[in-house]
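Some notes on this model follow, as numbered points. Please read them with the coordinates open.

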Amino acid sequence: MDHKDMSNEDFIQKILIEEIGEIKDKHPYLMCMLVSQGIEFLGKTLRPINKESGWTESQNAKRDFQSAIKLFPSLRKYAEIDIYQRIRCRFCEKMVTDDNMVSDDTAHSKGNSADDKDRVTVKLDDLYNDFKRACQDLLDMKGHSPEIAEILSQPFWEIEIRDGVILTPPKSTINCIYY
């Protein structure tokens, strides 16, 4: 896929929904990392609605993530288990899972034994489906918010990926994001 000229809307549809959906069963760790970063990205697009800061402002990872968790109904249930710390930070910053995070068929429940008192379970299919619903909800907001429509129409990335090659912008134009 040629990623040049991909808008934020295209990125949400093609990458966050479709490509993550294609790898979720075969690569659950990658899916968790990408969904975690994707939730943060969704929160970033909500900045104009929340009147918090501009689209290009950096150093807001936690606020953007939590904003998405609060705004999108499909993600609200994750607020009580602090998936920002338990999943996003562990996967995205440390590349390891929290010792107290597991995946099984019981979604969002605490264990019953003394050893499991701090353990939380999140069903991977639920996490992906809830994230996908939030992505679709954001895309649907385009028709109701000129600010969101503007952000969704903007180019996603200044890094071009084409024919197996990554073409970076000149160093002088890079806007680094620090967490």
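1. Among contacts (heavy atoms within 4.5 Å) in the protein between residues at least 6 apart in sequence, 57% join residues at least 24 apart. The model is predicted: local features need pLDDT of at least 70 and side-chain atom pairs count only at pLDDT 80 or more, while totals for chains, interfaces and linings use all residues. Residues are numbered from 1 along each chain as its sequence is written, and side-chain values use heavy atoms, with hydrogens and water left out.

2. The protein has seven helices and five strands, taken as DSSP runs (helices H or I, at least four residues; strands E, at least two) numbered from the N terminus. Along the sequence the pattern is α-α-α-α-α-β-β-β-α-α-β-β.

3. Of the 179 residues, 38% count as buried, that is, under 20% relative accessible area with a 1.4 Å probe, protein chains only.

4. Not counting residues up to four places away in sequence, L138 touches I12, L42, T45, L46, F72, I148 and L152.

5. D130 lies in α6 (residues 124–141). D130 counts as buried because its relative accessibility is 11%. Leaving out residues up to four places away in sequence, D130 touches S74, L75, K77 and Y78.

Conventions
Buried means under 20% relative accessible area, exposed over 50%, partly exposed in between (1.4 Å probe, protein chains only).
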